[in-house]
Protein chains: 2
Amino acid sequence: MHEPGTRLGRDRRTLDRRSGTVTLIRTQGVTAPLGFRAAGIAAGIKVSGKPDLALVFNEGPEYAAAGVFTRNKVKAAPVLWSQQVLTGGRLRAVILNSGGANACTGPGGFQDAHATAEELAKALSNWGTETGAGEIAVCSTGLIGDRLPMDKLLPGVTAIVHEMAGGLSGGAEAAQAIMTTDTVSKQAAVHNNGWNVGGMAKGAGMLAPSLATMLVVLTTDLVATAEQLDLALRNATRLTFDRLDVDGSCSTNDTVLLMASGASELTASQDELNAAVLAVCDDLAAQLMADAEGVTKQVTITVTGAVNEDEALTAARAVARDSLVKCAFFGSDPNWGRVLAAMGIAPITLEQDRVSVSFNGSPVCERGMGAPGAREVDLSGPEIHVVADLGLGDGTASVRTTDLSYAYVEENSAYSS
Amino acid sequence: MHEPGTRLGRDRRTLDRRSGTVTLIRTQGVTAPLGFRAAGIAAGIKVSGKPDLALVFNEGPEYAAAGVFTRNKVKAAPVLWSQQVLTGGRLRAVILNSGGANACTGPGGFQDAHATAEELAKALSNWGTETGAGEIAVCSTGLIGDRLPMDKLLPGVTAIVHEMAGGLSGGAEAAQAIMTTDTVSKQAAVHNNGWNVGGMAKGAGMLAPSLATMLVVLTTDLVATAEQLDLALRNATRLTFDRLDVDGSCSTNDTVLLMASGASELTASQDELNAAVLAVCDDLAAQLMADAEGVTKQVTITVTGAVNEDEALTAARAVARDSLVKCAFFGSDPNWGRVLAAMGIAPITLEQDRVSVSFNGSPVCERGMGAPGAREVDLSGPEIHVVADLGLGDGTASVRTTDLSYAYVEENSAYSS
């Protein structure tokens, strides 16, 4: 067996950084906005005894919410449950477990998701907040195909309600408890003239599908309708998580939720809300890429000059998913021919003698032919930016991805049982 | 660095085997049919000094031919040349080089392909067979983006004409000279009531794209029209090479050619021709899979019960291309949840509670849920057969693929320069 490489996530700075006009804070997450409590505990679902149950609770006074779910036709029980709950546009709480996906578990698995929501509703009501199961979303992540250990999960649901903390520590604990093969927890928050958006994330697409999925919970203390939240969430996920493509896979459990407490008593324009939610999602997506399984290179594929944005995105995704391109980048090999070959099989308009490609700003292919010095471009650093200009129109899109390393194979070939 | 695993190709038997009703002979190739000569030499195109130039020459009396080429929109110069030549439905010879793909080389690269055909036409004419460049196909395989060393290739073209051997040795030498990262040469032939079909192959899709492509040359001594050959070739490639999917890639240079000499003076029905060409292609495809880069498992994905054959093929291909399924198989891990997740993102009709899956005949998923003992199924052998029944209709299709191993990453991450 081989030593898995150190993921970039272990090295990345957790310092705050500016993204555009907003200041992002990576030490704060779902409890950065007013009106939210959170907690993370070890309920015994994971055999390792690590934290495996998280709760995000909206204290109100408002409860508008929106959700985006996996497009996989094979959907986990908690996804089916939460989609149904979200049709009401309202959430009091989200309960999330790691240690089991509750996917491909049949009607029994759906009953488990329902029972989890009922148990939390009862515990919250006993705690003094009258809550119905229909106001509670459930998220799960872990191995597909096994039933959850409900004898551990249900007592954990009662216990976690008593652990809920206001302030920042609760959010940090929740972000820890949803980790599976993540090496670092992922939080981000923005503060914006008296109102805030915060979030936490784990995994990334099907990065570690036997143990993982992408779960994201976002919160804001704005006064906002479910429709405003839905618009902001769809805009942000389209430009961030949907364009983070590590292996082209899409989990049975992927879920992104946004809840508004209204606790700031402020409203914002749709554009302001969109910008803040986008900023948090964009930073969480960058953190997911940096901590992707087996990653040794953070790769951004930008396609310009496509006939439209959809074709630019299709081309960028084709390159991002190409195993041969990804192996070349692992080897720091400026093998631009593979980029052309990958785009050439994408269902897009392409004229090979109009295509130009650069790696980290150095031209490697001009009008379909090798540029001078193309084979000597240095890709030994941890970041690779590919820009492919199709020379046809003004369609542009970027996709984030990673290389394909020994460590990726290592982490994804271990026995599931 | 890791030791690349031994490919299955190194171990496989080269013995003849029966496939259906025809006897396949793996020690014979393009010169098994009457009326063909072939040769393979080292022209100095490869720095290693290994054989790198092959010729297959049709002595006639007939010259009907058909070709199937890559669907990649980025096409190598020799593909553009040969497609143009094949519009005439007639071929006297095919000249093939390894050591350079002549792809993404612009108008100069096309001139090189043209000059190669002209040089061969001149040499064949001098040798006593009046030939035009428009009757000669050109195939190349190697790194994308560099011009061919014409100062070595052109003298080689003249030299190889004088090396042409009848009998079986010429075909074997040609099969050697087209190898790139192949570890064994690949030939197959069938004998059928006085007429024969033979073939040679190298690579497989974009298995080793910095050095490779799939090139296949097939020959027959039947009397057949270009239209009959075209029908037989399209039928065979659709069911064999098109369903050999190692990494979803399709090279800039992929070419499959079929030439008929008429030397047997026999004709056959379209069905008989189809069956013989299919048998040779099927065996060559099996040899390509066994020798794929980094392969430690030969995997067949069969989807049944789809609404039609197209959807069955789409689903099988989605599983065959899924990096996570392939990593699991490398680890002999019966992780059936990944098979469901991969089919769930394919653009097909799927109802998760109707899906059943078996690995090597053992049920692992029944009606969307884990089967008893699913986690204990033994996949430690070199062959894995996945059968996924969608439970919807009678559409069925199979795709051959491989696992995703350290050795695949190794072979594809080495520096190209």
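The model described here is a predicted one.

A:Ser358 has A:Val387 in S16(A) as its bridge partner.

# Around strand S13 of chain A

The loop between S13 and S14 of chain A holds A:Asn360. This residue is not a glycine, yet A:Asn360 has a positive phi of about 50°. Most residues other than glycine have a negative phi.

A pair of aromatic rings is described by the distance of the centres and the angle of the planes. The count of aromatic pairs over all chains comes to nine. In one of them, A:Phe329 and A:Phe359 have ring centres 5.6 Å apart and planes at 85°; the pair is edge-to-face because planes over 60 degrees apart fall in that class. The two residues come from distant parts of the chain, 30 residues apart: A:Phe329 is in helix H8 (residues 323-330) of chain A, and A:Phe359 is in strand S13 of chain A.

# Helices H1 and H2 of chain A

Helix H1 (residues 77-86) of chain A packs against helix H2 (residues 106-127) of chain A at an angle of about 55°, and the axes are 8 Å apart. At that angle H1(A) and H2(A) are therefore oblique to each other. Their crossing is right-handed.

On the side of H1(A), the contact involves A:Ala77, A:Pro78, A:Leu80, A:Trp81 and A:Gln84. They meet A:Gly109, A:Phe110, A:Ala113, A:His114 and A:Ala117 of H2(A). Sorted by class, the residues in the contact of H1(A) with H2(A) are seven nonpolar, three polar and no charged.

# A four-stranded sheet in chain B

Chain B has an open sheet of four strands in the order S3-S4-S6-S7, and its pairing is mixed. The edges are strand S3 (36-41) and strand S7 (136-141) of chain B, each with a single partner strand, so one side of each is left without a neighbour in the sheet. From one strand to the next, the twist averages 10°.

S3(B) pairs with strand S4 (residues 53-58) of chain B in the antiparallel sense, over six bridges. B:Ile41 has B:Leu53 in S4(B) as its bridge partner. Helix H3 (residues 106-127) of chain B lies across S3, S4, strand S6 (93-98) and S7 of chain B, and runs at about 130° to S7(B).

# Cis peptide bonds

Most peptide bonds are trans. In chain A, however, the bond from A:Gly60 to A:Pro61 is cis, with omega near 20°. A:Pro61 sits in the loop between strand S4 (53-58) and strand S5 (65-69) of chain A.

In chain B, a cis peptide bond joins B:Gly60 and B:Pro61, with omega about 20°. B:Pro61 lies in the loop between S4 and strand S5 (65-69) of chain B.

# Helices H8 and H10 of chain B

Helix H8 (residues 309-321) of chain B and helix H10 (residues 336-344) of chain B cross at roughly 125°, their axes coming within 8 Å. H8(B) and H10(B) are therefore oblique to each other. The crossing of these two helices is right-handed.

B:Ala315, B:Ala318 and B:Val319 of H8(B) make the contact with B:Val339, B:Ala342 and B:Met343 of H10(B). By class, the contact of H8(B) with H10(B) has six nonpolar, no polar and no charged residues.

Helix H10 (residues 406-413) of chain A packs against helix H9 (residues 323-330) of chain B, with an angle of about 75° and axes 8 Å apart. H10(A) and H9(B) are therefore roughly perpendicular to each other.

From H10(A), the contact is made by A:Tyr408, A:Val409, A:Asn412 and A:Ser413. From H9(B), it is made by B:Ser323, B:Leu324, B:Cys327, B:Ala328 and B:Phe330. The residues in the contact of H10(A) with H9(B) are six nonpolar, three polar and no charged.

Note on methods. Residues numbered from 1 in each chain as written. Chains lettered and ligands numbered in written order. Predicted model: local features only at pLDDT ≥ 70, side-chain atom pairs only at ≥ 80, totals over all residues. Heavy atoms only, no water. Axes fitted to C-alpha atoms, helices over the stretch in contact; angles between N-to-C directions. Parallel < 35°, antiparallel > 145°, perpendicular 65-115°, else oblique. Left-handed = near helix turned anticlockwise from the far one by under 90°. Contact = heavy atoms within 4.5 Å. Nonpolar A, V, L, I, M, F, W, Y, C, P; charged D, E, K, R; others polar. Pairing = 2+ DSSP bridges. Phe/Tyr/Trp six-rings, centres within 6.5 Å; stacked < 30°, edge-to-face > 60°.
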